[in-house]
Amino acid sequence: MSFSSLGLCDELLKAVAEQGYETPSAIQLEAIPAVLSHRDVMAAAQTGTGKTASFTLPMVQRLANGKRPGARQVRALVLTPTRELAAQVAESVQNYSRHLNIRSSVVFGGVKIGPQISKLRGGLDVLVATPGRLMDLYNQRAIDFDHLEVLVLDEADRMLDMGFIHDIRRIQKLLPAKRQTLMFSATFSKEIKALAKGMINNPIFVEVAVANSTADRIKQVIHPVDKSQKREVLVHLIKENNWHQVLVFSRTKHGANRLARQLDSAGIQAAAIHGDKSQGARTRALDNFKKGNILVLVATDIAARGIDIDQLPYVVNFDLPQVPEDYVHRIGRTGRAGADGLAVSLVSIDEYKQLKAIERVIGHQFEREIIAGFEPKDKASAPSAETAKRPPRRQGQGQRRSSGNAAPRGRSSH
Ligand code: AMP
């Protein structure tokens, strides 16, 4: 199946080809025709599946055919939970609509509001926004929603997790009832269905077995270690295997800062991103990471949500997430868009309950691998029956590219 069979116009097909996409992803195959039919859509899809293009392409096609926006009017509104995701979605909108007459922009908190008010003055076809700043702009009468045609809620589950429910409800009341609404979420939880009620009208449901296909391409390894050894193990793994572009997850902001500092002093360039960092600092860190100026980005779950980097090769869980579903989100950062990835978790004895919960959600037990020289002294974090002791590792590229046979096969958590 090709993009041209999905009903997209030539300008969009050209933009897609320029992005280097050859075949539509599963979510794109299902969502693009659904959105083009002007029906409401509820889609279960995680980051890394190509979900952004699956709503952006058909949405801009619809907008390209309609009436231009008047002063302060917004024709399509995309709400996202984080600034990073907002910036990345806006970049996608710009890229995909480059051959069309579409005016788009992005607004989020943490930066001056004045320039955002100016950008809205002439009206926009697409506005990508985080909920808090959008409400501020509305309260300052900078936006007119009377001609809104499309509302997109991206990563709706995250928006609920982050407490945006009231803002979303408030925003919904400001929008015309007659509109197209698209809701994207990692899962269709009870809370998501409750949010959709009254917001979405007779939707087409689109669901792709993301966790499955993602997990198939990602080698997931558990290294049992003592808590006190985690930092040394991480330094060892990065140096020994020459890892680059490593995204490391830390449970706390404080932990992220400390680890980034410690890596730096061990000679591994690192930066931390989390909610307490200014927008400028986050953007700089992400830029440097993309360019390869820093090798390691240490992030908290929320800050990492919006990071979109092609083929991120290594993800490390320095701490296991408290919520099992976050594990799926985290490893979804690697192995995206057809590339292989390696997801490594450093697990100490106090995290075994979390590990079991994650394995229940994923539906299988991970391979455990003790690293020679870093055997856990704590007996209870010794490997379980299926665990093999490995010689010192030299995995480098070879391991990352290892065939699917070696990788444990995940099952969808839906
Ligand atoms: P998303 O799930 O929207 O965050 O997209 C994940 C990544 O996949 C992005 O870097 C996109 O540029 C890329 N991507 C989206 N659609 C395709 C496609 N059809 N073929 C290859 N890469 C794609």
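The legends below describe close-up views of a predicted model.

Local features need pLDDT of at least 70 and side-chain atom pairs count only at pLDDT 80 or more, while totals for chains, interfaces and linings use all residues. Residues are numbered from 1 along each chain as its sequence is written, and side-chain values use heavy atoms, without hydrogens or water.

**View 1. Helices α3 and α4 pack at an angle of about 45°.** Helix α3 covers residues 51-64 and helix α4 residues 83-96, with their axes 10 Å apart. That angle makes α3 oblique to α4 (under 35 degrees is roughly parallel, over 145 roughly antiparallel, 65 to 115 roughly perpendicular, and the rest oblique). Axes are lines fitted to C-alpha atoms over the stretch in contact, and angles run from 0 to 180 degrees between N-to-C directions. Helices (H or I, at least four residues) and strands (E, at least two) are DSSP runs, numbered from the N terminus.

**View 2. Residues of α3 meet residues of α4.** On the α3 side are T52, A53, F55, T56, L57 and V60; on the α4 side are V89, S92, V93 and Y96. Contact here means heavy atoms within 4.5 Å. By class, this contact has 7 nonpolar, 3 polar and no charged residues (Ala, Val, Leu, Ile, Met, Phe, Trp, Tyr, Cys and Pro count as nonpolar, Asp, Glu, Lys and Arg as charged, and the others, Gly among them, as polar).

**View 3. Strand β2 runs parallel to β4 and to β5.** Strand β2 (residues 74-79) is joined to β4 (residues 124-129) by 5 bridges, and L77 has L127 as its bridge partner in β4. Another 4 bridges join β2 to β5 (residues 150-153), where A76 stands opposite V150. Two strands pair if DSSP finds at least two bridges between them.
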